Amino acid sequence: MSEIKTQMFIPKPVRGATLFILDNRKEPLMLPLRGNATVGREYPTSDRTIRLHSEIVGRAHGEFIYDNSADTFYYIDNNSLNGTYINGIRLQPYNQRGSKAIRLSDGDILRIDRSDLSHPHPQAVLMIFSRSMEENEHWTSLDISNYSSVTIGRAEGNTLRINDDMASRQHAVIRLSPQGAMLSDCDSQNGVLVNAKPVSKCLRLFDNDVIRVANTMLVFSHGTIFYNNAGERSGCLSVHIHDKTVRNGFRTKTLIKDINFEADARDFILILGGSGAGKTTLINAVLGDGKANAEVLLNGQNLYENFKTMKSQVGLVPQFINLRDNDKVIATLMDIADIKLKGFSREEKEVRIGKILNTLGVENLKNHLIRQLSGGQKKKVSVAAQLVGFQKVFICDEPDSGLDAASRMQQMDILKDIADSGKIVMVISHEPDDAVNRETGKYHFTKVLVIARRSVDNCGHLAFFGDTDSALEYFGVKKLQDIMMEINPKHEGGKERADYYINRYKNGVQHG
Amino acid sequence: MGNASFFKQTHVYYKKIARIAIREKAWVFLAFAVIISVIVALVTAGDMFEDLDSTKSGFFTLASACIWIGVFNSIQNICKEHNIIRSEYRQGTKLSSYVCAHILWQAILCFVQSVIIFIVCICFGFFGDDFSDGVIINPLIEYFFTIFLLTFGASVLGLMVSAFSGTPTTAMKIMPFVLIIQLILSGVLFELSGIAKNAAVITFSKWGMGAFGSIGGINSLEPKIAGELSEKIPNFDPSIVSATDEAFNHDVQTLLTAWGWCLGLTLCFAVIAIISLKIKNRDS
């Protein structure tokens, strides 16, 4: 009988979150969440971690709970008198201790308030859970009680000017009258959300309503607007795929299952997996093209539920170039700009495209026809076409395929630069060892996602997700390419250890 | 909320389609129009308005040529770009704008082709020499408008086939069937009855023939056999073998009905093309 070693559990580092709080102090407060936290009313002997200034908050109102294994925060209402509302829904008592634990996603709005949120309590408390806001983010206030209307937009002359290209010149307007404040979307490019719901025409605002204009969050409270004006905010992607199935005649086949991961801005993620493991299914699920039984959150907004307005924020650079051969590079990009950059002047569009071409090193090719370009140049133009818009997530399906070694390295350098500019870049590559910094010899990738097919159910599971050094250590290899040797089946020249790594990752253990 | 408006996107797509079409030698399509119309006029113009059968054959050949030219113009336009369309659609472009831009370009291309066909027909005397009796206006304008409606309608039919074909190869495989259906259901080659007669209402060939026949007043022409019998039988009454067809009545209602059906079918095919693309890209 072989000796079974005890395996040591190594907790992952806490990624943390930020809590925006607006209580009776009437000033926004940003609190970092680094683990479990209790919530209650402020009083002299309170032992609560988060102490709220409001008479309607219970002494032990609720709790934030951090699950290290899934890097996820939950909230429980401790059967408080006035309850807690998450995104407008009151948490119901579940047992004697409190409500069910609700998993929190970036941008969730928690309120301690009356049951009718359109008639808020004067001492109502608003909390916004965020994984994309910085805890030292600067919030500005604007007293709008003396205005008849407040315009919000990118252009000069707006009452509230937003420093973000995602905002339209005049994005929205709030009209104030004795009946209340009415918010209208001025046919903006990226829309307006109030309490995470899109505004179609005109909507009455109530205290503690959370307005989202491009990347800027605005909180309307007692005649004042608090806003963070974060500029081109970075993305925060949270993917929870339960499964993705397809019907094949009368049979249902599961392609991928239980894939959960989160990515932050500047993450450059390598997706590794053998043939048929489900890499393409995974990227289609993240894109929303082949919707899975999943929750894909981008900066707290559900991609599937807001697909029409959000789909353009997740871009795909396909393996095979999707550009018209007989069009010029500049015309291709200008046409995209004409369609996507509503409200931009021609000069602004030209400047944006010029910068993109310059960044990608193809400015000298702008008057060439697409068909006159080499494979590598076409791929760069394909990337440029995606950069014209405001994508927060870039998914590249084998951007290095068919290129020589030098071009592959250059392509990866470019993608790394794009990630460094604040985007999330996910790459499927079969030549991952080309993506190295030539000076330090370190990999460009910040994270590695390995998907492998488990023999029991013959569908793709997550075999690893973590940083690059951990990936090499986890698989006991020196090169990223060698990970494939570990998980590939024997008939493909591998060691067929996919099941082992999948189970090991699921159990959240590492060798002691 | 969203990207540029429908009209702005249509304008952008139109400029792109026109630019690429010119770069891809759109003049070839104009050359086709010249060659085909010259062949049609050479073969049929001499017998036009001599008798009912020859005139009918002439108009049928012209209608078929217009349909062929139109379908050929556009049959590959959308299917060769399915991957590009999918990618653009997920970036927020409108499929309706894309299809409308194609239709606009086809309208211009078909207009120029119609001018070519019309001029060639005039030069060869295809429309005869009596232009005094139009149904609504001058018969030459009516002929031209009918040629344009047929060519343009067939172009939109081609776009529709292209929209639901996965690849250019598939589209080219479907094309002969589309053309054969148009020819068979025109009612000129065969007497139609039952389902075929009802199905014929969705063909440009039937309504194109109706319009040409109405403008040309072919009901007043005698069948070929009447002439032959008159030569052989003294005092032969041609009315015995003459039969008028309501579809070719030389009146406003008949002509407007034919034109209306052509326009209606064009509109339907355009809508189907958009719906087909939306279904194809429903996941995006």
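This briefing walks through the domains, sheets, helix pairs and chain contact of the structure above. It's a predicted model, where local features need pLDDT of at least 70, side-chain atom pairs count only at pLDDT 80 or more, and totals for chains, interfaces and linings use all residues. Residues are numbered from 1 along each chain as its sequence is written, while chains are lettered from A and ligands numbered from 1 in the order in which they are written.

**Domains of chain A**

- Chain A gets domain 1 (1–135) and domain 2 (234–299 + 392–404 + 425–512), with bounds that come from an automatic or database domain assignment.
- Between the C-alpha centres of domain 1 of chain A and domain 2 of chain A there's a gap of 32 Å.

**Sheets and strands of chain A**

- A quick word on terms: helices (H or I, at least four residues) and strands (E, at least two) are DSSP runs, numbered from the N terminus, and two strands pair if DSSP finds at least two bridges between them.
- One open sheet has five strands in the order S4-S3-S5-S6-S9 (chain A), and its pairing is mixed.
- Strand S4 (50–52) and strand S9 (102–103) of chain A are at the edges of that sheet with a single partner strand each, so one side of each has no neighbour in the sheet.
- Strand S3 (residues 37–41) of chain A runs parallel to S4(A), joined to it by three bridges; here A:Gly40 has A:Arg51 in S4(A) as its bridge partner.
- Another open sheet has six strands, ordered S2-S1-S11-S10-S7-S8 (chain A), with antiparallel pairing.
- Its edges are strand S2 (29–33) and strand S8 (89–90) of chain A; each has a single partner strand, so one side of each is left without a neighbour in the sheet.
- Five bridges link strand S1 (residues 17–22) of chain A to S2(A), and the two run antiparallel; look for A:Leu19 opposite A:Leu31 in S2(A).
- Strand S23 (residues 236–248) and strand S24 (residues 251–264) of chain A also run antiparallel, with twelve bridges between them.
- A:Asp243 has A:Lys257 in S24(A) as its bridge partner, and in the hairpin of S23(A) and S24(A), with two residues between the strands, A:Gly249 takes a positive phi near 70°.

**Helix pairs**

- Two packed helices are described by the angle between their axes and the distance between the axes; the axes are lines fitted to C-alpha atoms, for helices over the stretch in contact, and angles run from 0 to 180 degrees between N-to-C directions.
- In chain B, the axes of helix H3 (residues 52–74) and helix H6 (residues 139–164) come within 7 Å and cross at roughly 40°.
- That makes H3(B) oblique to H6(B) (angles under 35 degrees count as roughly parallel, over 145 as roughly antiparallel, 65 to 115 as roughly perpendicular and the rest as oblique).
- In chain A, helix H5 (residues 375–387) and helix H6 (residues 405–420) pack at about 10°, their axes 11 Å apart, which makes H5(A) roughly parallel to H6(A).
- A:Gly376, A:Lys379, A:Lys380 and A:Val383 of H5(A) meet A:Ser407, A:Gln411 and A:Ile414 of H6(A); residues are in contact if their C-beta atoms, placed from the backbone, lie within 7 Å.

**Where the chains meet**

- The contact draws 23 residues from chain A and 20 residues from chain B.
- On the chain B side, helix H1 (6–23) and helix H4 (82–90) are the elements that give two or more residues, and H1(B) supplies the largest share, six residues.

Conventions:
Two residues are in contact if their C-beta atoms, placed from the backbone, lie within 7 Å.
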